[in-house]
Amino acid sequence: MGDDAMAREQARLLRQAIYRAGIRREQLWLHYFSLGGEAGETEVDAYLHQSFSLPPFQRDLLAHAANELIARIPPQQAPYVSDLVDGDNAEED
């Protein structure tokens, strides 16, 4: 797979990952920038829509920023009864 095809696939999968995690593009860009990312917000948006190419290191830095943000999201778990009880006065239907 050539670098252009790899960049498009990496962008597509990154866009899917942040969408599924509920991470906004602005959040991703800000975190990426705080890690030393060099691309501007417009370039990152264009990259995510596969209309702009970034060098491999910048693509990996974006992926790293996304993975850090995703890792901060607590995993969804099934509730226990105590999680559903509203204090001492649980409402009954």
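**View 1. R59, a buried arginine.** R59 has a relative accessibility of 2%, so R59 counts as buried. The cut-off for buried is under 20% relative accessible area. The model shown here and in the views below is predicted. R59 is part of helix α4, which covers residues 56–71. Neighbours within four places in sequence are set aside for the contact list. What remains in contact with R59 is D3, M6, A7, Q10, Y47 and L54.

View 2. R12 and E9 join through their side chains in a salt bridge, at 2.7 Å from N to O. Why are R12 and E9 separated by about one helical turn? Because they are 3 residues apart in helix α1, which covers residues 3–21. R12 has 29% relative accessibility and counts as partly exposed. E9 is also partly exposed, with a relative accessible area of 31%.

**View 3. The E26–R25 salt bridge.** E26 pairs with R25 in a salt bridge. Their closest N and O atoms are 3.0 Å apart. Is E26 buried or partly exposed? E26 is partly exposed, at 34% relative accessibility. R25 is partly exposed at 24%.

**View 4. The R25–D45 salt bridge between two helices.** R25 also meets D45, side chain to side chain, in a salt bridge of 3.1 Å, N to O. R25 sits in helix α2 (residues 25–34) and D45 in helix α3 (residues 41–48), so this pair ties together parts that are 20 residues apart in sequence. D45 has 27% relative accessibility. That value makes D45 partly exposed, because this class lies between the limits of 20% and 50%.

**View 5. The salt-bridge network around R25.** Which residues are linked in a network of salt bridges? The members are R24, R25, E26, E41 and D45.

Key. Residues are numbered from 1 along each chain as its sequence is written. This is a predicted model: local features need pLDDT of at least 70, side-chain atom pairs count only at pLDDT 80 or more; totals for chains, interfaces and linings use all residues. Side-chain values use heavy atoms; hydrogens and water are left out. Helices (H or I, at least four residues) and strands (E, at least two) are DSSP runs, numbered from the N terminus. Buried means under 20% relative accessible area, exposed over 50%, partly exposed in between (1.4 Å probe, protein chains only). Contact means heavy atoms within 4.5 Å. A salt bridge is a side-chain nitrogen of Lys or Arg within 4 Å of a carboxyl oxygen of Asp or Glu.
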